[in-house]
Amino acid sequence: MVIVLIMILFPFVCAALIPLLYRRLRRVAHLGWFVLSVPIILFLLLARYIPQIAEGKTFIHTYEWIPSFDINFTTYLDGLSMIFALLITGVGSLVILYSIFYLSTKESLHHFYCYLLLFMGAMLGVVFSDNLMVLYTFWELTSVSSFLLIAFWHHRKASRAGARKAMTITVFGGLAMLAGFLMLYVASGTFSIRDIVANVEVIREHTLFVPALLLILIGAFTKSAQFPFHIWLPDAMEAPTPVSAYLHSATMVKAGIYIVARFSPVFGGEAVWFWLVSGIGLVTLFWGSFNAVRQTDLKALLAYSTVSQLGLIMSLFGLGSVGHYFGYAESSILYTQASFAALFHLINHSTFKGALFMMVGIVDHEVGTRDIRRLGGLMALMPVTFTIAVIGGFSMAGLPPFNGFLSKEMFFTAVLAIRDVEAFSIADLGLVFPIVAWVASIFTFVYSMILIGRTFFGKLKPDKMDKKPHEAPLGMLISPIILCLFVVGIFFFPNVLGHYILEPAMASIYPTFPSASELTPHIHAWHGINAELLMTFGVVFVGVILFKTLEKWKPLYRVFSQKYTFNTYYNRMVEFGENSSTNFTKKYMTGNLTHYFVYIYVFFVALIAGYFIWSEAFAFNFVQDSAIESYELILVFVMMFAAVWMLFAKGRVTAMLLNGVLGYSIAFFFVIFRAPDLALTQLVVESVTTALFLLCFKYLPDLMPEITRKRVKWSNAVISIFVGATVTLVGLAVVHYDKFEPVSVYFNDAYKLAGGSNIVNTILGDFRAFDTMLEVVVLLIAGLGVYTLTKLKPRKEEADHENQ
Amino acid sequence: MKINDVILRTVTKAVVFIILTLGVYLFFAGHHAPGGGFIGGLILASGIVLLYLAYDIETVHKGMPFDFKKVAALGVLLATGTAVGSLFFDVPFLTQTHTYINVPVFGKMGFSTVTIFEAGVALTVVGVVVTIILSISEDE
């Protein structure tokens, strides 16, 4: 199944082509039309495998990358990755179609679509990778591309701040996850997720099992904006709306959920896992919905709503993990339903939240504002947008006949079922689950009503709007309409989805259960009057009352001081980090060259001499040394004389020429010791550097007698003596040093292996060619550095660049 | 102030060719005898710098219309290119190969991909050294 590998690479290739073809393509049509073909092709390719996946097949392909470290590019297509890949490509197609009408050709579209394709490829890489290291690479790539997309309008300060915040938090989590992956590797001996799942019994005994679990969860929680890491998601709303719809509601934020789902066969039976995933999920659900109500910006409201819905899905996976604890049994099927509900809601959320984000984008685009205090009465002017908002909003609130209703009912079923579980001491706290879920659902209902009501009902306020509102062009409406059709369609035919898409994914989450179809409930739109339905009635009843009396109880939010929000803590942390690192840097980056040499030399002596002393390597044996000839002695004295004289030289040129004497004497030594290559190099380098020094010194003022305090002079002298002693002693000691394997055995066969009788050059060009290659690159960078420093004047930055 | 540099120019005219020839010779000799890309490049560069010292920049630039920044970039591309190129033959990164071919007139000669790599090194050295010296020495 090399095709999956191609699917990952295809968006990257297209992203690389965009800058090359951009100028030609922009004259033909909006760049988006070309980019649109990428996700559509991928979606169709994927769709071909749906029937086979539904039959329970999985596809695996391994490309050997670094087999010696067990890092291989292994792609794995199963039910779980299928769901996510379909969302990435499906929602991706619709978002790109929408963005064609949303972004004008005046924007730097080539950047936008390049980042978007980069993101798409990275995201596909995350869900298709079987190797943990490859998965991690793609994972961080989604953070990077998300950073670039949030900061797309980088002239705005808020965009840059939001991008940095998202990056800081998600990359922090990513690094934690990397540590977790490495622990898993230590415990299992493999980077392959499938092998880890297969050997889960052995890994569970390992001491690193729980630390790995916690670290991986931090990664998943930061990415999926779980409490208290959720603070980055509202700020990420500075991105263009298509990005918000795509990354920050339908795909990237669900990567954390993917990780939780993917690893639940490994960690599912643990009590820590259950409590953290379901607990944090529930807290996030409540906190997100609670905060969404007070938002005045439509996108911020949707952001908090996304946070809350992600918490809902997360908590469902936590509840579903109980099934792993009990293992396969008639009774545990009941608990696996939570995972099913999670997958179901995952898809539903993508459809209705995607539509809602696009709806908000339309309002923003056509009215000029997203502030609900300035909006109102748009129903008559924008009937299609209004319909989209109602379908999406009602689905979000969990009302029939929309798909959100079905998954919310299943959510209620799951939290009700968990009360009676006799494990992890759930029974003591069992009632908390349904209560929190119910209260959060009420707030969900309220903010959904705010979203629809405050935007489309009430009085029109034309004086507060920047533009004259009118219905959006057809092109912008197509994508949300398609999503709305899914919202309704899934409600009426949920079992098609259940059988073809969700069932194979259930098999990936519960690999030890014999049959996936047993885990797939038949979804009924009408399940009779039961506890869940009564809870829904309660939600609507209380929700309507709260919505009607909103103005009376909204001041409650002001009771919480802004001083104690997580955002304040985050800002303080960033400020502290910036200040302390600036102060610290100022302390040692004095601009005085002598200071820098002191750091370098002290470090050098401490490390090298310290290591030699520690490893007891200062062993000298002069017996075997060859005799010292008289001309060698003369050379040494010449060098010593030059070196000492240099200290007292009055002019720069004198000092430089004396330095040259040192260099040429060393070249003489190379000649004496029969190293013509080194001698040649040394001579030429010495000549060139002398010429360079002379050129530079032309611009420097004359040497001034330096006034340094005695103490400093003495400490410098001590450091110099230590450096000299270290070098000398190390030079004498290495002759007999045997702690490392000598590298020279490599070069014994130089002629046979590399075909060159000049051993120096075979080292440079063959054995250590990697060093040479990088040195060449360093040389180029140094050259360009000198060129830019001397030639290019700093361009004046536009004044508004920083302060907008 | 104009200095009288007739002697320097006359000597340079003769010496530059010797230096450049030596540089090229050392470059090719590198595989079996002292020399190689780095030294060859340095010597070529010092020859060019000597030209710049004897004549003014415009005159030299007429004779050698290279942008030495691009020469350096080309060198790095060659060096990294040979490194990546080995991947296309399904061998590890930076693998070099060599062979002997009978060439008319010269007889049996060794050919090695190291030469391309070393050429990259040499070009980088020439480009960077000349760029640095030029950018420092040019008066405002």
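I take helices as DSSP runs of H or I with at least four residues, numbered from the N terminus. This is a predicted model, where local features need pLDDT of at least 70, side-chain atom pairs count only at pLDDT 80 or more, and totals for chains, interfaces and linings use all residues. Residues are numbered from 1 along each chain as its sequence is written, chains are lettered from A and ligands numbered from 1 in the order in which they are written, and side-chain values use heavy atoms, with hydrogens and water left out.

Entry on a lysine. I found A:Lys408 in helix α19 of chain A, residues 403–417. Is A:Lys408 buried or exposed? A:Lys408 is buried, because its relative accessible area is 6%, and buried means under 20% (exposed is over 50%, partly exposed in between; 1.4 Å probe, protein chains only). Beyond neighbours within four places in sequence, A:Lys408 is in contact with A:Ala397, A:Gly398, A:Ser441 and A:Thr536; contact means heavy atoms within 4.5 Å.

Entry on the cores. I count as a nonpolar core a set of buried Ala, Val, Leu, Ile, Met, Phe, Trp, Tyr and Cys residues joined through side-chain atoms within 4.5 Å. The largest has 217 residues, and A:Ile83, A:Tyr113, A:Phe128 and A:Phe263 touch the most other members. Helix α17 of chain A (residues 333–367) gives this core its largest share, 20 residues. A second, separate core of 41 residues includes A:Ala769, A:Val776, B:Leu51 and B:Val76.

Last entry. I looked up A:Phe597, which is in helix α27 of chain A; A:Phe597 counts as partly exposed because its relative accessibility is 40%.

Terms used
Helices (H or I, at least four residues) and strands (E, at least two) are DSSP runs, numbered from the N terminus.
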